[in-house]
Amino acid sequence: MLQPDASVLKQLLPFPLLINALREAFIEGAEVPLRHTHTIGHGVDAGISLLMPAWDNVGYYGVKVVNIYPGNQDKGIPGLHSTYILYDARTGVPLALFDGNEITSRRTAAAAALGADYLARRDAHSLLVVGAGRVGSLVAPAMAAVRQLESIAIWDIDVESAQRCALALRQQGLPAMAVSNLEESVRSADIVSCATLATTPLILADWLAPGSHLDLIGSFTPQMTEAEPACFANASVWVDTEEAPTKSGDLLNAFADGSLQKTDLRGNLAQLCRAECSARTTNSERTLFKAVGSALEDLAAARLVYQQLVSA
């Protein structure tokens, strides 16, 4: 069983290649059962464990186990840990064990960029990333693969984290800077991408400019939320999967508030990739993409890595 480390995954999952692999995977489809969610422990040490299986017609089957422990922030360790095992779907033989954190973070950022490729204005050039963690630090490189970005702002509740993230992005040749005024930064951004574990809204509707694209990829449980319900009103809304309306705190809050109806949803990522639903239609339209993640994305990323390893 192959066990490449995270550095190998980074090399084999460049965003242009990964975004295209996700596009093809959504077009082809796969069997993706509903994820299992379990609460582990109690109090400040409580965590959530997600089990995410998927298999395709090519002959691959994969399972990811993700453990999310919000209290880890106070312990100085990451709040998310995961592993991914890829199997031969025809025999059940284990093929590879991957760092699930790297698979998750890179495919999450790539899926956000894939959504933005359909939904953000073609001339969008300014990006605000809210959240400078593992996923947030990858959003700008992913978005730069689908749009010509002239300015990238990084905001985080931890100012030093935002500064470190912006510096790392500049070292990659991206025009990034840390910002402290969230409202001002949202108002001036063409694309706002949130990658946090927030449980109270960070983004207010009045801040969003006409024609902007709001990307919510951090909240993936009913308890998490990154934008107030009013952000969904008067916006064209897409989701990544049909599971999102039952899992996302942002969507559930908007439904309860009356800012959004389930029938208002314009489509999902598979439908966008297959041209089965419309994408953005005007430059003045305000678009919103809500993602909770899909095991299909993990499988596509793992398959892409494995195929490169065995063909090398």
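**Exercise 1. Work out how helix H3 and helix H4 are oriented to each other.**

Step 1: Start with the geometry. In this predicted model, the axes of helix H3 (residues 100-119) and helix H4 (residues 136-143) come within 8 Å and cross at roughly 40°. Axes are lines fitted to C-alpha atoms, for helices over the stretch in contact, and angles run from 0 to 180 degrees between N-to-C directions. Helices are DSSP runs (H or I, at least four residues), numbered from the N terminus.

Step 2: Apply the angle classes: under 35 degrees is roughly parallel, over 145 roughly antiparallel, 65 to 115 roughly perpendicular, and the rest oblique. H3 and H4 are therefore oblique to each other.

Step 3: Look at the residues. From H3, Ser-105, Arg-106, Ala-109, Ala-110, Ala-112, Ala-113 and Ala-116 take part in the contact, and from H4, Leu-138, Val-139, Ala-142 and Met-143. Contact here means heavy atoms within 4.5 Å. Sorted by class, these residues are 9 nonpolar, 1 polar and 1 charged. (Nonpolar: Ala, Val, Leu, Ile, Met, Phe, Trp, Tyr, Cys and Pro; charged: Asp, Glu, Lys and Arg; polar: the others, Gly among them.)

A note on the ground rules: residues are numbered from 1 along each chain as its sequence is written, and side-chain values use heavy atoms, with hydrogens and water left out. Local features need pLDDT of at least 70 and side-chain atom pairs count only at pLDDT 80 or more, while totals for chains, interfaces and linings use all residues.

**Exercise 2. Now classify the pair H2 and H3.**

Step 1: The axes of helix H2 (residues 15-28) and H3 come within 9 Å, crossing at roughly 75°.

Step 2: H2 and H3 are therefore roughly perpendicular to each other.

Step 3: On the H2 side, the residues include Phe-15, Leu-18 and Phe-26, while those of H3 include Arg-106, Leu-114 and Tyr-118. The contact of H2 with H3 has 11 nonpolar, no polar and 4 charged residues.

Key
Helices (H or I, at least four residues) and strands (E, at least two) are DSSP runs, numbered from the N terminus.
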